[in-house]
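Here is a short briefing for a first look. Please keep the sequence and the 3D view open while reading.

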Amino acid sequence: MSAGMFFLRLAATLILAPLAGGLLTGLDRIISARMQNRKGPPLLQPFYDVFKLLQKTATTVNKYTRYLVTLSMFFAIFTVVLFGMGADLLLCIFAFTLACVFFVLAGYSSYSPYAFIGAERELIQVMCYEPMILIMAFSYYQVVGSFKAGDAFFLDVPAIAKLPFIFIGLLYVLTIKLRKSPFDLSMSNHGAHQEIVRGITTELTGICVAMVEITHWFETVFALGLVYLFFVYSAPVSWAVGILLCLVVFFIEIVVDNAFARFKWKLALQTSWIVVFITGGANLLLLTLFAG
């Protein structure tokens, strides 16, 4: 890749990823409002909210909280940049996890019991979705022959043809990372309506809240990017079809979010590991038999 192409793709990723993440968040609010028989905010409301928050002064009880939130946002952006450049999928996942670790530390750094409980629940959620994402990466390697995200475009058939159960398992844990019900355990994305108020973000204000929101935009893009890898292959039409199917998956997640009540953390952990064991184990067994 030439230096010019490298910087062009880098700039496109840094511009399009937050734009897509913000628009998806706005679409989420509109669809959720319609499902609840409300009008809802305009599509661009998430951008208005972030711009307003960026103009406010951040007041924190611990001077390190802001740095930790900033590092969380940085590694979320770094994850999407790596993924957009077609880099190693394992490296993307490790950077993705590191963003979450700094976010958890930001929750622990405050002295609020609500934030502390939210941070503990965030760690539990990592335990719920991380095994499935790692299994997805190793299954991807078995199908593609490398961990590079960009190599999916050279496949003769889409990866979902050989990884159908892995895809089902990924959809299940995707609900966790998108912070949708029944897995919105560590923080509330729809107002202060749960038993731990705003959870891990209870003590965050101003620019820190804006950075958390921007981080979630990048996390959403990366999560849907993993879905995208299941549908693209060497046929150019699959690139557009993949984007369309990502939107379908996102719509399904919104429906689930509005149709289910919140799980308790123990049930969330148990069901996630059961799904990982069944879907991941079944698909790895099929890959082994197919290879044999």
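Predicted model: local features only at pLDDT ≥ 70, side-chain atom pairs only at ≥ 80, totals over all residues.

Residues are numbered from 1 along each chain as its sequence is written, and side-chain values use heavy atoms, with hydrogens and water left out.

**Helix α2**

- Helix α2 spans residues 45-54, and its buried residues are P46, F47, V50 and L53. Buried means under 20% relative accessible area, exposed over 50%, and partly exposed in between (1.4 Å probe, protein chains only).
- Helices are DSSP runs (H or I, at least four residues), as are strands (E, at least two), numbered from the N terminus.

**Where α1 meets α7**

- Two packed helices are described by the angle between their axes and the distance between the axes.
- The axes of α1 and α7 come within 8 Å and cross at roughly 95°. Axes are lines fitted to C-alpha atoms, for helices over the stretch in contact, and angles run from 0 to 180 degrees between N-to-C directions.
- α1 and α7 are therefore roughly perpendicular to each other. That word covers 65 to 115 degrees; under 35 is roughly parallel, over 145 roughly antiparallel, and the rest oblique.
- On the α1 side, A17, P18, A20, G21, G22, L24, T25 and R29 take part; on the α7 side, E213, W217, F218, T220, V221 and L224 do. Contact means heavy atoms within 4.5 Å.
- By class, the contact of α1 with α7 has 8 nonpolar, 4 polar and 2 charged residues. Ala, Val, Leu, Ile, Met, Phe, Trp, Tyr, Cys and Pro count as nonpolar, Asp, Glu, Lys and Arg as charged, and the others, Gly among them, as polar.

**S32 in α1**

- S32 lies in helix α1. S32 is buried, at 4% relative accessible area.
- The S32 side chain reaches the backbone oxygen of D28 at 2.9 Å.
- Not counting residues up to four places away in sequence, S32 touches R38, I254 and N258.

**Two leucines**

- L155 sits in the loop between α5 (113-144) and α6 (164-177). L155 is buried, with a relative accessible area of 10%.
- Beyond neighbours within four places in sequence, L155 is in contact with V143, V144, Y233 and S234.
- L155 and L185 are 30 residues apart in sequence and 38 Å apart in space, C-alpha to C-alpha.
- L247 belongs to helix α8 (residues 237-259). L247 is partly exposed, with a relative accessible area of 42%.
- L247 and L224 are 23 residues apart in sequence and 8.4 Å apart in space, C-alpha to C-alpha.

**Positive phi**

- Most residues other than glycine have a negative phi.
- N37 is not a glycine, yet has a positive phi of about 60°. N37 is found in the loop between α1 and α2. N37 counts as exposed, at 75% relative accessibility.
- R179, also a residue other than glycine, has a positive phi near 60°. R179 lies in the loop between α6 and α7. R179 is buried, with a relative accessible area of 6%.

Conventions: Polar contact = N/O pair within 3.5 Å; in protein donor to acceptor, adjacent residues only side chain to side chain.
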